[in-house]
Each structure stands twice: as C-alpha cells, then as structure tokens.
Amino acid sequence: MPAAKEAGAAAKEAGAAAKEAGTAKMQVRTAEKMAEIRPYGDTPNDGRVQLSFTLPLAAGAAAAEAARLLARKMGLQEPQVAFMQDLYAGAGSRAAASGAAIGFSFLILYGRCVHTIDPAAIEVPPAADVHEMDFYEINDFIARRIGRRVVVVGACTGSDAHTLGLDAIMNMKGYTGRPGLERYPWFEAINLGSQVPNETLVAKAIDAGADAILVSQVVTQKDVHVPNLTQLVDLLEAEGIRDDVILICGGPRVSHELAVELGYDAGFGPGTLPPTVAAYIAQEMVRRGLAAQCQPKQGIAGRAEN
Amino acid sequence: MPPEPKGPLGPPELPELLDPPDLPSQPDLTGPPDWLDLDQRLIAQARASAARVAGEVQAFIDRHTTVSIERAVIRLLGVDGVTEDEWPLPNAVVENIQVGAPDVLRGADENAGLARGAAYWLANAVLHFGDSPQEIAEAVGRGAFDLTEIPQHDDGAIRWTALELAVPAMEQIAANRRRRERALAINGLDGRWAPTGADQGRCHRHKPLLYVIVATGDIREDVVQAQAAVRQGADIVAVIRSTGQSLFDYVPYGEVRGGFGGTYATQENFRIMRRALDEVGAELGGGAGGGGGGGRVAGGARYPLQVNYCSGLCMPEIAAMGALERLDMMLNDAMYGILFRDINMQRTFVDQHFSRALNACAGIIINTGEDNYTTVDDPIRAAHTVLASQFINEQFAHRAGLPDEQIGLGHAFQIDPELEDGLLLEIAQAQMTRQIFPRSPLKYMPPTRHITGNIFRAYLMQAMFNLVGVLTGQDIQLLGMLTEATHTPFMQDRWLAVDGARYVMGTARHLREEVLFRRGGAVERRAQQVLGEAAALLKEVEATGLMAALEKGVFAGVRRRIDGGKGADGVIRKAPDYFNPILEVAAPFTAVGGKGGVQQGGVKSL
C-alpha cells in the first residue's frame, strides 16, 4: 500500500511539472500568436469541441472507429467517443439477428480542434443595415422623415402555407409582445397570407403602391425557396419597379447574405422581431430617397392622423 | 449474490419500469374526488351550449353534400386510379356528373346531378352496362359517355345496386377495425383504447402513448425513419404531409416520392407505411403468435399506430383512403381548415361530418387541432378558446357517431418558459382538460413557440412537457424535438425525444396516483377561471351562431367570411332524393354518440 501511495505521489508531481511546462509553452505560444484563437473548453486555446451525429452503421467498434476517423478529417485531434447508441436494431430483433444490412448509430464525440482563427481577420457576413428603434420612435421617424403612411405588402409565396413568420411580423398580434406592422399607425400592412403566386403578389404590390414587399419562406426543403425568390425579383424587374420598392425576405433559413445574393435588399432570419423590420423599411426608404420620390398621398396621410 | 427481492416500488432499471411495480392492487385511482374542484354545473352548461352551437350547424350540414364527399363515395364504391392525363378518376366521375347534369335535368342548376348523389349515377351506369364501377369510371375518364345521359333505371334497383357496391369496401373497413382491435389487445388496450387486465382503472403503463413525426418528403425514406422510431420505442408514427396538399381539390395517385416539408398523402403511400409498420411491429412481437415472454423489446410498440391528415379540401377522401388502408389515427378538426388554411367554413363543416362518420366506422381516433390556437395566439389569454373549441369539436364528433374514446382532443404546452409559475398554468390546463373529457384520448402537443435553436434548453422544455403529460394522465403525447425551429428531425433527434420521454414517464409513472391539488390553490383557481371563460364564450357563440362567431374572429384571432375561403363552390344542396350508400351502410356506427356509448360527464347530447 505505501509503495502504491508513493508511486501515486510521484506521478502527481510529474503531472504537475508537465502541466507547468505545458502552461509555459502555451503562454509562449499565445504571446507569439496573440491573434489566433481556438474553441475554449476549460483552458485557453485547448480547442475542445463536442459534436454529435448519426452514422449509417450499426453501433459497434466499427461505427466508433468510423466516427473517430471522421472527426480527424474534420480537424479534431484525439477524438473520443463519449456515447454511442444503436438507433435501428432493437435488441433481439430479427433484423439484428439476421444481420440486416441497414443500421444506424448515434454518437457524441469530443475532440481538440487543430484549426485556429485570427479574430482580427474576421469579415462579418453582412447584415441588414438597421438602427434599432422602438414602436414610438419608428412612428415618429416616419412622421417626420417620410410624412405619409408606408405601404407594406407581405405574402408566403409559392407552395408555402406556413404563415407563422409572416404573421408574427405583419399582424396586429405580432410576436413576444412586440406588435406587428398592422398595429403601427404609420404603416399600412397588407398581409396576403399563404401560397400566393409571385404574379399575384406583384400585381397587388403595384395596385397598393407598395413601398416594401415582404416575402416569407418557411419551407426550404431541397432549396425550393431559392427559385421561387429569384422568380419574384425577375418579375419585379420585368415590371420595371424593382428599384422603387424595398424587397425583403425572411424565414428560418434565410440570411441577409443569401437575400442580397438573390437580389433582395435585406433578409431576416429566425427570431427577427417586428420593430427591426419596421425600422429597416423606414430607414431604407430615407436612405434610398424613396420617401422624397413619392408625393405624400393625401388620403393615406390623412387617415393616419385619425 | 442473488438480487434483493423486489421492494414495493420495484427495481430502478429503466426497462423494468415498463412492467407495473408490485404495488398491492388498488381501487380505481383515476377518478377525480380529490383533484381540481371544477364546477360540474358550469361544465354541463358549457357542454349544452356547445351542443346547441353544433346542432344549429348540423342542420345546415344535413342539407348539404360536397364534391369531395361525392368523390369519397365513388372511391368506396370501388373506383381508383387516374385518367390518361393523370387526373384522378373519382374527380373525373364527379365532374362528369356536374357537367352532364343540366342537359338532363332541365332548368336545374349546375349541381343538380350531384344533388342526387354521385352514387345514383354510377349505380345506374353499373345496372345499365353490367360493368364494374372501375370500368365505368375508366370509360368516363376516356370521354366515352356522360353518366347523366344514360337511361335511368328503376329508382329502387339503383339504390339496391349502390348498396351492394358499397359492401366490399365497408367489409374491408370492418375487417381492418377487427384486426386493429386484436392487435391492440396485445398492447393491453381494449377496442375502445382503454386499459385492460391488471392496468384496468390505473395509470396505463403505455400511456401517454409516444407519438413521433417523420417528415423526409420521400415515403421510402419515411419508412426507414418510422421503423427506426418504432424500434426506439415510439407507439405512433405520423407522416407529415407535403405543404400545400390541404388546398388541392384532388388526391394525388400512386407512390409519390416528392414533397415539400412532408410527404404527399396518397393511398399507395398509406399502404407503403402500413406495411412497414406492420413489419416492424411483427418483428418486435406484435405478429400473430409472436414471441411473447422475453421477446418484447423495452419500449417497443407491438402494434405501431399510423397517422395522417384527414384535413383540407379532400378531408372526406382521405378518410376513405385511411379507413381502407387501416390507419389508426387521423388529424381531423371541425374548424382547423377554416381558421388556418382559409377553407370555406360551409365546405369544412359538411366535409368534417362525413369524414368523422367514416372514422367512427373504422374505429379511427381523430386528433383535433386546438393546439394551433396557442401557437398563434397568446397561450394564457387564449386558453379558454382551446377549451371552448374542444367542447364544439366533441359535439360535432358525437353527431358523426364518434364515441368519446375516439375523440382525441388536442391542446398544447406553449407558455413562455420565462414566466414564473408558468408550469402551474400548464398543469392547470392539462388536468382540467383531463377531468372535463375523462374518456377522450387527449392529444398533448409539445412546446414549439418558445423553442429557439438552443437545443439543450429545448430538451429540458420537452422534459417538463413530458412530466406534465404523465402527471395529468394525457393519452397521446406528441414528442417535441430539440431541434424544433431549426430543421426537420434528424434520426438522432427522434431517438433523443423517445429516450427522454421514456425516462420522464417511467420515473414518474404513478405520480398521478399520489397527487392531490390544494383546494383553492393557484392551479385550481386557474382551471376554474379558464372553465368560466370558456363557458361564457360558448354562451356568446350560442347567441350569435358559430358561423357568425368565426366571422368575428373568436378563435385564434382569425376572421373568416361565411362565403369566403377556398372550396366554397364545392358545396351542394342535397335534393330530396339524395342518396349516399356509404352513410346507409355505416348507419349502425354513426348513430349520435356512437354505438350507444355513454357520453362523458353523463350528459347525453341532443
């Protein structure tokens, strides 16, 4: 027993020395390359990450090894399989007994990421240029800088029947206590609802004299939203009104970057609240001179004062 | 060392929890004496209001049919397939009757032919030519003749022929029902989905049933995911339907593998999934003469239940297809299409009745959609609209012959997790619903509204939801996904959901039998408040009528016009000699309140 204890103490000492050396090395390296960062587990730049995925292999040694190999290819050193679960073969099932070719396993892995990032060199993907304002500030901004109600036409286009996101932005009720555009006295919000063909949306936008068009795309499976969003831009260009409207799309898988790439002015992803969209529209109108371009519509401005 | 003899609570290993602990047998503990003190008179009053609300609409329903009901009848008389242009033959037949009729019935309106019922014209053609309904439909599809031009035979003979033609499909539906009931018995449930044997009168060890969705958009991939889910312990598998199908006024034909956000509901796709679920059920010990003893996999359902969407413009046809292909549950709501898909309200009311009559016959549990109210409206302020709508759905269902045991009323766990004591409100709503609808297989829907992409927090929220589900004795628990709002479920997400639910429900299995609620406490007061508001709302709706209430935006804050929405032109006023052989054959099942069942709360409707 004492011998073991002694050995333990020696090992502890050795460990402490090694740790010290390691820390010193780390400090030197950090000083050398101050800029480079890695994920933080519990020590600076230890690179520790967790990840989970399913492999189309039955759980077992082969699946675990496959996961480790995959993790190494992803740039993870010392990948460790923390957990593995068979997702397909029930214990004692005939499929398992007959060694069915099909199998799936769920794995949770840890590893140390070898890659580094220089924070100074980061280029943040563009976001819609918007200065956040609240309900009152937005209405006040429109009253002073635009001087008439802003007309917004919104729709879920194509086959999309999910109006949740669009309703959250446009309807009276809004989302998480932030009322939607319908509630703003200085907005005229026209919500066309679900499954609106692009042609109908364009016709309605022209008819209503829309300042902004809001397109919501929730269903993005197999990128069905991309051709649909592009077609709307083509239609607006064909009508010669693309530059006269602020064209916005939103949805859980929409980013500003994607939106701009597709020819939109802005894109809003999940969690966007109505005031952000409202403020963007108002500010963009002023930026682009769209407010000055249109003569104030007497009737509409009059109604807003009611 | 031999294991310790079982203590009163049994061993702690999870799989063992699937067997009831060795507690001494108890009297019926599911009864309510010390649960929430709800005003029984108020419940009776709300139910009576809902009965009058539904009764008024029912008078309208009884005077009308729809193009989709007539297409469903044509299907059940033995017509399937498509024309050369890929147009479904049931559509071709019904359209042929619409187009052809004015020539025959001079001075009558466009729908004069259908006002008699499509079965009349099809049976007449069968009598005349001696061909099968399918052969006649194919000829009509080729444009060979108009059904309304064929010389009309003796009225009695036509009706007799139509009834005879309805028999094979209705026999198949009855056989499907018997087969399901036999299979369910293995799961310890009787034909009315109530626990049997040792579980009688106690918390059932398989309830809440675990309900998962598959949503790959490809039926062949759905099958892989569904089989995996059943092996993991899911009891019920729903194939999410392709977005937009609810607004098609036809049902696509054959195996359809494309789809957006889901898979097209077709009869062949139903069949493919049914085969896959039966296969995995048999493998896990659900087949005839199956393993027994140690063959059962922990958590594995032996008869996996199949669900689809009996909703949208083709609700009656989907009901027919589901009954023929032995689906077990159908999402079917009296008002969902009106509110959330802008389908015309007259169309929806008429369609839901026929659909529910078929579901009643087929022994299919319907799932109503009140959970949607709290995804779009405030879950606290709109809580009473959920209860009011449940009362209305219940009454419509009774009028179509569905017994309480087949009325899976929906509600959801959607309150903001940041709200202090929000859980108390969730428990109040769920327990109140349980007590007001004691015999209905309640369908409890998971949190989605406040799930953000933080999968770790979402997993915790699903655990709380599962705890409330088992605590309040819900029957059908739709398992939430930790990746809700991020992407359609990965294979692993479904396993995590099932595994989490099995843990929570196992570890808290009989908590329900131990809980009393504080008299006059926050939970009870909340339940009383919601009940009071629902009863008041129903009184209001009773005064204006349901259609006017929908025009005013009472439910989910959505306003709908009585003549607005999609599919309004498909509603047809029945002629005095209207004939529907399916409803005739189904009549024993569709008498109000089902097969003489006692209705919940002891209040007999009508």
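Modeller: A polar contact is a pair of N or O atoms within 3.5 Å, and within protein one atom must be able to donate a hydrogen and the other to accept it. Keep in mind that this is a predicted model.

Colleague: What makes the link between the side chains of B:K207 and B:D475 a polar contact?

Modeller: The distance given for these two side chains is 3.0 Å. The cut-off is 3.5 Å, so the pair qualifies on distance.

Colleague: Where is B:K207 found in chain B?

Modeller: B:K207 is in the loop between helix 6 (155–186) and strand 2 (209–214) of chain B. The C-alpha atoms of B:K207 and B:G473 are separated by 7.6 Å, although the two residues are 266 residues apart along the chain.

Colleague: Why is B:K207 called buried?

Modeller: The relative accessible area of B:K207 is 15%. Buried means under 20%, so B:K207 is buried.

Colleague: How do you know that B:N91 is buried?

Modeller: B:N91 has a relative accessible area of 1%. That is under 20%, so B:N91 is buried too. This residue is placed in helix 3 (residues 89–104) of chain B.

Colleague: Which residues is B:N91 in contact with, leaving aside its neighbours within four places in sequence?

Modeller: They are B:R71, B:D249, B:Y250 and B:E317. With B:D249 there is a specific atom pair: a polar atom of the B:N91 side chain lies 3.1 Å from the backbone oxygen of B:D249.

Colleague: What share of chain B is buried?

Modeller: Of its 606 residues, 63% are buried. Chain B has 19 helices and eleven strands. Among its contacts with a separation of 6 or more, 76% join residues 24 or more positions apart. Its accessible surface is about 22,100 Å², 54% of it on carbon and sulfur atoms.

Colleague: What polar links cross the interface of chain A and chain B?

Modeller: Four residue pairs are in polar contact, both partners at pLDDT 80 or more.

Colleague: How many salt bridges are counted between chain A and chain B?

Modeller: The count is zero. A salt bridge needs a side-chain nitrogen of Lys or Arg within 4 Å of a carboxyl oxygen of Asp or Glu, so no such pair is counted between chain A and chain B.

Terms used:
Residues are numbered from 1 along each chain as its sequence is written. Chains are lettered from A and ligands numbered from 1 in the order in which they are written. This is a predicted model: local features need pLDDT of at least 70, side-chain atom pairs count only at pLDDT 80 or more; totals for chains, interfaces and linings use all residues. Side-chain values use heavy atoms; hydrogens and water are left out. Helices (H or I, at least four residues) and strands (E, at least two) are DSSP runs, numbered from the N terminus. Buried means under 20% relative accessible area, exposed over 50%, partly exposed in between (1.4 Å probe, protein chains only). Contact means heavy atoms within 4.5 Å. Accessible areas come from the Shrake-Rupley method with a 1.4 Å probe; for residues, only the protein chains shown count as cover.
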